[in-house]
Amino acid sequence: MTTTSEPTPADDRIAGYAHPERLVTTAWLAEHLHEEGLVVLESDEDVLLYDTGHIPGALKLDWHTDLNDPLTRDYVDGERFAQVMGERGIDRGTTVVIYGDKSNWWAAYALWVMTLFGHEDVRLLDGGRAAWVAEGREMTTEVPEVQPADYPVVERDDTAVRAFKADVLEHLGKPMVDVRSPGEFSGELLHMPDYPQEGAMRGGHIPGARSVPWARAANEDGTFRSREELEAIYLQEQGLAPSDDVVAYCRIGERSSHTWFVLTHLLGFEKVRNYDGSWTEWGNSVGVPVERS
Amino acid sequence: MTATAEPGAGLPAALAELAEDFSAVTERERLQLLLEISRELPELPERYAGHLESMERVDECQSPLFLAVEVGDDPDRTVRLFFDAPPEAPTTRGFAGILHEGLDGLPAEDVLQVPDDAAYRFGLSAAVSPLRMRGMVAMLGRIKRQVRLRRDALAAGGTA
């Protein structure tokens, strides 16, 4: 699918990324909506946001209720994933465009989970839901009728883009990016009497991790910064190289999916893994090293 | 989710009624109900609108929610609740809406007696995910804390 209109500054920016095919603009999406072979998914932090209005033809994909196993802390298996995709009319060859709230955190997370299952053509809408809304583009509350598709049962591959705690322990000393806020990184906790705790026994970060809050990769409007700007942060400032073996993490793996997307698809890093156990696992694990600063 | 036979048991009347309404419908309808309640959350009155710094921020909610609690100096120590959450956070607004509809205008003692697990009486854990429920638990915890502080301040002769 190619765009027929004149290239815009956004198109030029996207063309500069390592894998420009992973991003579409709002203009491109508006032009291609309802095309055969394209399915648009909305993946939000807020489980009700889709129901308040969404891009025409888009379907809801909830990161928690659709992609996480209800019992084990893990993603769904191949069978369930095939069902989730199939009931949204997606087959193995479908072009999937995902967008969402919060600068596409959850959209990037959904894209990353789809990558675990090796879905080939999955893209993000640059700027996410906010960009579409800000441009005054059409929204609807109508949930489209779907012709279910036959999605094959594919075994999830956790080796290429996912890191478990054991992998991270082995990775200590190699490049790691902590994408949480500076307060979370330093280990300051908001302790107040009677308030429920954040869910970690220890505050701080994994030794050797560099603090690069995820939001530094995004513009104010939620679109991604240009390749030059991103290289200035991750390459020049942080000293990372596209050939590095990198692990990214946050609190539960959603914000680090955003950074995983930036490093992998926008900057062309070859080996980036997202540690989805993140701080809710590491900060509660017995015996693992923690650094504070 | 707590498998209570009576979802409203031990809750103040208005909150009990909501718990029963939620429990009586399917999971899908429950989300619709939550969405409707999110739309009914009243706007902030003038004394709070534009003064979020005078309200308490509930960090446990996935989207920022601001809360203000007032306790009257009437004999009942009537509790008034005020919430602010953006329209792009309908779930958070829905949680706030349930607490507003269920607790606003009650005597302080009644609010303090609401069980801490009240958030789990609406059958929402599966539909919105257990992780998201934390925001509602925290809202109730913070409401009760503020009610207690303000009631005690009034008893000590100060202003709430």
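With that, I get one salt bridge between chain B and chain A. I looked up who makes it: Arg132(B) pairs with Asp62(A), with the closest N and O atoms 3.0 Å apart.

Some housekeeping. This is a predicted model, so I note that local features need pLDDT of at least 70 and side-chain atom pairs count only at pLDDT 80 or more, while totals for chains, interfaces and linings use all residues. Residues are numbered from 1 along each chain as its sequence is written, chains are lettered from A and ligands numbered from 1 in the order in which they are written, and side-chain values use heavy atoms, with hydrogens and water left out.

**Interface**

I asked which elements of chain B give two or more residues to the side that touches chain A. They are helices H2 (27–40), H3 (90–103), H5 (125–128) and H6 (130–155) of chain B (helices are DSSP runs of H or I, at least four residues; strands are runs of E, at least two; both numbered from the N terminus). H6(B) gives the most, eight residues.

Counting contacts (heavy atoms within 4.5 Å), I find 28 residues of chain B against 22 of chain A. The two chains bury about 2000 Å² between them, 53% of it on carbon and sulfur atoms. Buried area here is the accessible area (1.4 Å probe) that two parts lose on being put together, summed over both.

**Inside chain A**

Next I traced an open sheet of five strands in chain A, ordered S1-S5-S4-S2-S3 with parallel pairing (two strands pair if DSSP finds at least two bridges between them). Its edge strands are S1 (23–24) and S3 (59–60) of chain A, each pairing on one side only. S1(A) is joined to S5(A), residues 122–125, by two bridges, and Leu23(A) stands opposite Leu124(A) there.

Elsewhere, five bridges join S8(A) (245–249) to S9(A) in parallel; Asp245(A) has Lys271(A) as its bridge partner. Four of its five residues are buried, so S9(A) is largely enclosed by the rest of the structure.

Last stop: Thr26(A), in helix H2 (26–32) of chain A. Thr26(A) is buried, at 6% relative accessible area.

Technical notes
A salt bridge is a side-chain nitrogen of Lys or Arg within 4 Å of a carboxyl oxygen of Asp or Glu. Buried means under 20% relative accessible area, exposed over 50%, partly exposed in between (1.4 Å probe, protein chains only).
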